[in-house]
Amino acid sequence: MASDTHAQTVAYVRDTMIPEAEPPAMESGAIKWLRENLFSSTLNAVLTVLSILAIYWAVTHTVEWLVFGIWDAGSLSECREIRDMRIAEGIWPEGRNVACWAVLSDRWNQLLFGFYPQDLYWRPVAALVVFFIGVAPILFDSVPRKLFYFTALAPFICYWLLWGGTIWGPIFVALGFVLAWAVIRFGQGIVGPLAATIAAFVVPILYWIFVVGPLAGAVGAVAPIGIEFVESNDFGGFMLAFIIGITGIVMSFPLGILLALGRQSDLFIINKTCVIFIEVIRGVPLIVWLFTASLLLNYFLPPGTNFDLLLRVIIMVTFFASAYMAEVIRGGLAALPRGQYEGADSLGLDYWQSMQLIILPQALKISIPGIVNTFIGLFKDTTLVVFVGLSDPIGFTNLIRATTDWNGIYWELFIFVGALFFVCCFAMSRYSQYLERKLATDRR
Amino acid sequence: MKRSVIFGALTVAGLTAGAASAATLDDIQARGNLICGVTTGLVGFAAPDANGEWQGFDVGVCRAVAAAVFGDPTAVEFVPTTGQTRFTALASGEVDMLARNTTWTFSRDVDLKFEFVGINYYDGQGFMVPTELGVSSARDLDGATVCIQTGTTTELNLADFFRVNNISYEPVPIETNAEAQQQYLAGACDVYTTDASGLAATRATFENPGDHVILPEIISKEPLGPLVRHGDHDWGDIVRWTLNALISAEELGITSANVEELSAGTNNPEINRMLGSEGELGAMLGLEPDWAKNAIMVGGNYGELFEKNIGENTPIGLARGLNALWTEGGLLYSPPFR
């Protein structure tokens, strides 16, 4: 009955659902996005139109220049001839300006390897491969842990591949680290932890200074195993930037950790040494340190000593980066709650154990963005060595421009150098983001 | 007593560290190659080619010296030096000589304790302007904007020139030659000023060199030459007389083509003395008798080096001008080989 009543009082009852309709065209999809983001007000609409015009102008002017670039020519004037010829033949429109990428194909080897002997190019490439295998277990969990043994050897293999010469030098230098480990391992029981730690620094340094040279010489005379020696002067191009950058990055990280720990230490001398080192190195521009390395050191060393300029520069860059690194890591250490330190102590761990197992893993995790930031900065700063006469990529753009063939070429070289640096730095940045996501297990 | 002796020795060692050891030639011979400081790239004067071989006018001098010492023009290592590092590199013994178009000035010779062994290029500061400006003399440049490299002698010369002529200018400071070229082409300045050889090299790279003109005025003296450290005169003599041999060779008509033939002996006693078939000149320098022959064989005499690297048939296209022989109205004049 009720339904009858209802049927007579209401003219129409819908007994099915209305099918879902598309939202109005103005309120959905690309149009909505455009309205909201680009044309939300008159001012924004005007700005959008202007921006599009600007982008259109820039793209049309550069893309043509980039894409139609000439790859096959022997000199800048040849490039211009080819271009003029194509315009004259009507293949290209009047007034088209194109890049002369031929400089890259002509000087590709030099931009990458500098003056390194051409028949030995496989060595720097092999060194790079060794480096990547060496860092793989540090960078990625999925790599077998056994590779860490290879990681420890990688720096010495890389050095030997790059510079060449006798194999005994790197071997005996590497033995110095074994010596340091042995002193720590067995010295603690005999002379106590502090003395063993100090000895672990002093003994290898004495060994490197006084023993390695004669020993390597003597063994080398008996068993002359080696590959062709290449002088540092022949290093150049991106190889040089990589060597300085990677060495600086690899060595500044442990040095920075030690300096950061030293700065937090209660031991007066260690604390003050670290503070002074960090503040002095950080307080002076890198370029000044590079000039110190290249100009001043020569006056202090005895005449005739040939202390390699590249080595001096690498040392300075490493010191500079480790001072920054120390402060970044100190930030991480300071951010840890006091309880973590106390918890480590209450477990009965000694200083190194507590650092290694509890404090540093957390502190380093917090510091990742800062650490990678320092790495990227360091890598880009390697271009400063051009001012002390090393032929890094920027230095090579000058050298290439100084030949009559390529004088007057700028953008092509700088774009190439910029692009390669960008690729490297962007890769580092992406890796650090991956690492942060992977380690983001706590501290939500 | 003993300690003070040691300290004294250390002090002396420290002071003379710059002067390095006395017998540079012995060091070089023991090492097996000459280390020559060059620029970090200057068109026509020093630059590596696509194979990494250094080429250029200054490089030619280095190779000649290497050939004079070793008989081998490849026994030389080139160290690129910047304007800042060049003098320390030489003073500290990092390089044996500089052939780096360095201007011979009083203070560099006397105060910095270097020995300029001669002049291999007489340069001078000039001006380049666009032709459409219609300027024919630097004196017409009143009120012009001038692109100028900061921190160089050219900056000071420019100020002097405009002051002497009582005209005004507006400097546009730039850092490198590369930047200068871009700024000038973009019209950021009316005038570009640097050494005339540099202007010619720069102009040669422009798309339309004819649109730019180098003004006739040369406002400074820039005698460029190789230099060595004070204190080792034996080594200085070798570099000096190698350069003189190249200049004399042009005067005497000795070229890379005929030097072999002439070294067998000629009717001209000076040629014979120089090339070693007569007399003991090589032994006096502590070198082989055929030292000058080797030096000339590398790239030829001065004139040949000039023509090959910066002469009128190269893109740089420099005329000999002041750098012609004294017999042809230039300034090149080598003392006699006697």
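Which domains does the domain assignment give for chain A? Domain 1 takes in 107-116 + 230-439, and domain 2 covers 169-227; the bounds come from an automatic or database domain assignment. The C-alpha centres of these two domains of chain A sit 25 Å apart. A word on the ground rules: this is a predicted model, in which local features need pLDDT of at least 70 and side-chain atom pairs count only at pLDDT 80 or more, while totals for chains, interfaces and linings use all residues. Residues are numbered from 1 along each chain as its sequence is written, and chains are lettered from A and ligands numbered from 1 in the order in which they are written.

Chain A as a whole is built from 17 helices and two strands, these being DSSP runs (H or I, at least four residues, for helices; E, at least two, for strands) numbered from the N terminus. Its radius of gyration, taken over C-alpha atoms, is 31 Å, whereas a compact globule of 444 residues would come out near 22 Å (the rule being 2.2 Å times the number of residues to the power 0.38). Along the principal axes, the C-alpha atoms of chain A fill a box of roughly 110 × 80 × 40 Å. Buried residues account for 27% of the 444 in chain A; buried here means 20 or more other C-beta atoms within 10 Å of the residue's own, with 12 or fewer counting as exposed, anything in between as partly exposed, and C-beta atoms placed from the backbone.

Now for the partner chain. Some 28 residues of chain A are in contact with 36 residues of chain B, contact meaning that C-beta atoms, placed from the backbone, lie within 7 Å. On the chain A side, the elements giving two or more residues are α4 (76-88), α5 (102-113), α12 (286-300) and α16 (393-401). That side splits into 11 nonpolar, 13 polar and four charged residues.

A:L399 counts as buried because it has 26 C-beta neighbours inside 10 Å. Neighbours within four places in sequence aside, A:L399 is in contact with A:S391 and, across in chain B, with B:T40, B:G41, B:A47 and B:P48.

Over in chain B, strand β1 (residues 34-39) pairs with β4(B) in the parallel sense over six bridges; pairing takes at least two DSSP bridges between strands. B:V38 has B:P80 in β4(B) as its bridge partner. Five of the six residues of strand β4 (residues 76-81) of chain B are buried, so the strand is largely enclosed by the rest of the structure.

Methods
Two residues are in contact if their C-beta atoms, placed from the backbone, lie within 7 Å. Ala, Val, Leu, Ile, Met, Phe, Trp, Tyr, Cys and Pro count as nonpolar, Asp, Glu, Lys and Arg as charged, and the others, Gly among them, as polar.
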